[in-house]
Amino acid sequence: MSFVTSEKMLLDAQKGGYAVGAFNVENMEMVMAVIAAAEELHAPLMLQTTPSTVKYAGLDMYLANVKTAAKRAKVPVCMHLDHGDSFDLAMQALRVGYSSIMIDGSHNVFEENIAVTKAVTDACRPSGVPVEAELGKVGGKEDDLDGGNGGYTDPMEAKEFVERTGVGSLAVAIGTAHGVYKGEPKLDLDRLAEIRKVVSIPLVLHGASGLSEEAVKESIKRGICKVNFATELRIAYTDGVKEFLAANPDAFDPKKYGKAAMEHVKEIVKLRMKMCGCDGKAE
């Protein structure tokens, strides 16, 4: 198919009342597994890497992996920098060739978040690369990301933020958290609906690993157009390796336990794509 930006994907999702599944990948096997799931379901796809993942192997290494896989794919594939933590990293991703970039200034005060988001958006605009930002803090801890107890997004601040930055999509904090949930999260869906009333661009839900199907679907009804999944993919991959090695303790071929891990990842991704309603939506 093609290696694309996230712009049309998210606008189509907004018009169609579904969400694009965005999946964090750590290695070649996870990339292959997620794309295989998307092809089986004919779903548009966003693959993501966080700053800590990028430190492990480099922006160029992950991008080359994804672009090669995208050339073989029968569905549109986008490569997104998730939680870009600085202007410099965002620009590195832009120069390397990522087709979607997040700048996360949510740990800064409001004006500083606006300033760094606008700077990244302005720099990416000539290349046609869409930018995602975050307002409010998604809590929890995952990788090097620590949102603490989080902080909810204020609807009127969101309106001002979008108008002043020109950003293409906005991650909102409505009670989700990164990492593994210790209990059932209580989402502020009324807040989400209020944000949607005053913000016209696609809205993004972070921290979706472990959320109920009902919670995700209701969030999409209220305006979410992109849903991020990370932790449960790592768990699925690791469970696949553990199960294979437990059954085959003398195994030493990474391809064999890698294949088992890929099957676990593929199945969870298919479930999440169906939950988001993006199955069958690839053009």
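Leaving aside neighbours within four places in sequence, with which residues is Lys266 in contact? In this predicted model, whose residues are numbered from 1 along each chain as its sequence is written, local features are considered at a pLDDT of at least 70 and side-chain atom pairs at pLDDT 80 or more, whereas totals for chains, interfaces and linings use all residues. Side-chain values rest on heavy atoms, with hydrogens and water left out. With neighbours within four places in sequence set aside, Lys266 is in contact with Ala33, Ala36, Ala37 and Glu40, where contact means heavy atoms within 4.5 Å. Lys266 belongs to helix H11 (residues 254-276); helices (H or I, at least four residues) and strands (E, at least two) are DSSP runs numbered from the N terminus. With a relative accessibility of 12%, Lys266 counts as buried, a class that covers values under 20% relative accessible area, while exposed stands for over 50% and partly exposed for what lies in between (1.4 Å probe, protein chains only).

A contact between two helices was examined next. The axes of helix H2 (residues 28-41) and helix H10 (residues 231-247) come within 12 Å and cross at roughly 110°, the axes being lines fitted to C-alpha atoms, for helices over the stretch in contact, with angles running from 0 to 180 degrees between N-to-C directions. H2 and H10 are therefore roughly perpendicular to each other, given that this term covers 65 to 115 degrees, whereas angles under 35 degrees count as roughly parallel, those over 145 as roughly antiparallel and the rest as oblique. On the H2 side the meeting residues are Glu29, Met30 and Val34, and on the H10 side they are Leu233, Arg234 and Tyr237. The residues of this contact divide into four nonpolar, no polar and two charged, with Ala, Val, Leu, Ile, Met, Phe, Trp, Tyr, Cys and Pro counted as nonpolar, Asp, Glu, Lys and Arg as charged, and the others, Gly among them, as polar.

Across the whole structure, two aromatic pairs were found, a pair being defined by rings of Phe, Tyr and Trp (its six-membered ring) whose centres lie within 6.5 Å, with planes under 30 degrees apart counted as stacked, over 60 as edge-to-face and the rest as tilted. Phe23 and Phe229 form a stacked pair, at 5.4 Å centre to centre and with 20° between the planes. This pair links distant parts of the chain, since Phe23 lies in strand E1 (residues 20-24) and Phe229 in strand E11 (residues 224-229), 206 residues apart. Phe23 counts as buried at 0% relative accessibility, and Phe229 is likewise buried, with a relative accessible area of 0%. Phe110 and Phe161 form a tilted pair, with 6.4 Å centre to centre and 50° between the planes. Here too distant parts of the chain are linked, with Phe110 in helix H6 (residues 110-124) and Phe161 in helix H7 (residues 155-165), 51 residues apart; Phe161 is buried, its relative accessible area being 0%. In a further arrangement involving a ring, Lys281 lies over the face of Tyr18, at 5.1 Å from the ring centre, the criterion being that NZ of Lys or CZ of Arg is within 6 Å of the ring centre and within 35 degrees of the ring normal.

Ala133 is placed in strand E5 (residues 131-135) and counts as buried at 0% relative accessibility.

Thr49, in strand E2 (residues 45-49), has 0% relative accessibility and so counts as buried; beyond the neighbours within four places in sequence, the contacts of Thr49 include Tyr62, Met79, His80 and Tyr98.

His83, in strand E3, has a phi of about 55° although it is not a glycine, and counts as buried at 2% relative accessibility. His42, found in the loop between H2 and E2, has a phi near 50° and counts as partly exposed at 35% relative accessibility.
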